[in-house]
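Hi,

Here is the structure I promised to pass on. Have a look at it first, and then read on for what turned up.

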Amino acid sequence: MMSQTSLESKLEALQCHFTWDLDPSRSRLFRLRDQLEDIGTEEGNSWLGHIYNLRGYVQYKLGFSKDAQSLFNKAAEAFCQTRRADADEGPWLVVNYGNLAWLHHHLGEQAESQAYLSKVDALMNKYPSPSQDELHPEIYAEKAWTLMKFSTDKKQLAADYFQRAIRMQPDMVEWKTSYVLALASASKHSSTGLEADVLEKMRIAKEEDPENLYLAAQYLQECAKKGERVEDEARELAQKILRNPVSSYSGVKAILRVYRNYVSVDEAIDLAEEALKNHPDVRFLKRCAALCYKWKIIFFRESRPKQSMIDRAISLHEELISLHPQSSLLKKIDLANIYAKSNHSQAKAEQIYQELLKSDLDPADKQLVYNQYAKFLNFDRQDRHRSIKYHMKAAEIPIQSFYRENSIRVLEKIKDRSRNRMCREIEQFLENLQEP
């Protein structure tokens, strides 16, 4: 047996989920767990091994070590199927064996941990990286895929890792697809769409991966941003997507966004309801339908929505909250905002917000609630003074996020208009604001 210090230094040197600085909050872990379950375990999904590996790590972080071990074992089986290799082992198992080495170490099972460390060494000697100073492409690809799921601010790094993997192993179609999706995701808040070179990479990836309808829907959205008419193509693609097995990778949500922006939000609702009618028990499709109703009720306000539509939206959101008890913060906020647009339900919206404000949230979630409550106070309660106070509370939390930036932007606009009696207070607040 090697010494404890020697064992720990070997574990620290591994490339796996336990050493990749993945340190999300508990609420983020619950959300991630649900997202990974929604991808499904359809045979033939080339990311199945990566999905099980990450699910195992999430379960470990949540305190479910037995589940973690079972999922890590499933990951190994999935890799053997998806890689269709003659050998049972290959470089795609380096991350998985690293995870198992760490898990057994944390469970106090040092002999098993050491056995997996030896397996990692054997694999790395048998399958060295094609490039001496770089990781094996299989490791880069898994690290890239994992970062895409974990961190919105690491999409560019994920794209870089995919690029390195592709350079060494150019025949992996799914890596090329994920590479362009990571590039697109890194610049997704651009209203004018992607740079021409990224769009061209996306077009080539679509030709090389014609079965990937998620990619096809994303490409259509980018073409529409450039001014192309896409209604007919969108309707044709939607019918193809509905015929495919259900998964969050199938392209349903992506095509619904195309419908919302470039076809019509009412047709998006009809499409989501059609998908749900075909698969009434699929949680992911309930989320898609709820999202479409939210768009219609909260963002498309050209005419007051019928109460029957609001009732359907409320019932879907309440069901989702019960299906996702530990990861339903965003759905609770959506529900409150839908109640706010309903006849006679302002009090119900206020009640949901008050419960959220009193609940035990981590700082990032608190920031989100403050920002959303500030908007509710402004637009639905016309309480400008308290709205400003809650935007200040959101901005005060030193975590870089979309919600913090939004609150700061709102406060700057109010200050620049100089019509509010709190302008001086806002000015001083912004001057003294600490950067995260």
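The secondary structure of the protein chain is 22 helices and 0 strands. Its radius of gyration is 24 Å, close to the 22 Å that the globule rule gives for 436 residues, so the chain is as compact as a globular protein of that length. Please keep in mind that this is a predicted model. Along the principal axes, the C-alpha atoms fill a box of roughly 70 × 50 × 40 Å.

Buried residues come to 53% of the 436 in the chain. Of the contacts with a separation of 6 or more, 63% are between residues 24 or more positions apart. The chain exposes about 21500 Å², with carbon and sulfur atoms supplying 47% of that. On the charge side, there are 63 positive and 64 negative side chains, and the centres of the two sets lie 6 Å apart.

Now to the aromatics: the whole structure holds 15 aromatic pairs. One of them is Tyr140 with Tyr161, a stacked pair at 5.5 Å centre to centre and 25° between the planes. Tyr140 sits in helix α7 and Tyr161 in helix α8, 21 residues apart, and both tyrosines are buried.

Tyr353 and Tyr373 have ring centres 5.2 Å apart and planes at 45°, so this pair is tilted. Here the link runs from helix α18 (residues 346–358) to helix α19 (residues 363–379). Tyr353 is buried at 0% relative accessible area, and Tyr373 is likewise buried at 0%.

Finally, Phe18, Tyr57, Tyr60, Phe72, Trp102 and Phe150 form one aromatic cluster.

Best wishes

Key
Residues numbered from 1 in each chain as written. Predicted model: local features only at pLDDT ≥ 70, side-chain atom pairs only at ≥ 80, totals over all residues. Heavy atoms only, no water. Helix = DSSP H or I, 4+ residues; strand = E, 2+ residues; numbered from the N terminus. Rg over C-alpha atoms; globule rule 2.2 N^0.38 Å. Buried < 20%, exposed > 50% of the residue type's maximum accessible area, 1.4 Å probe, protein only. Contact = heavy atoms within 4.5 Å. Areas by Shrake-Rupley, 256 points an atom, 1.4 Å probe, with all protein chains shown as cover. Lys, Arg positive; Asp, Glu negative; His and termini not counted. Charge placed at Lys NZ, Arg CZ, Asp CG, Glu CD. Phe/Tyr/Trp six-rings, centres within 6.5 Å; stacked < 30°, edge-to-face > 60°.
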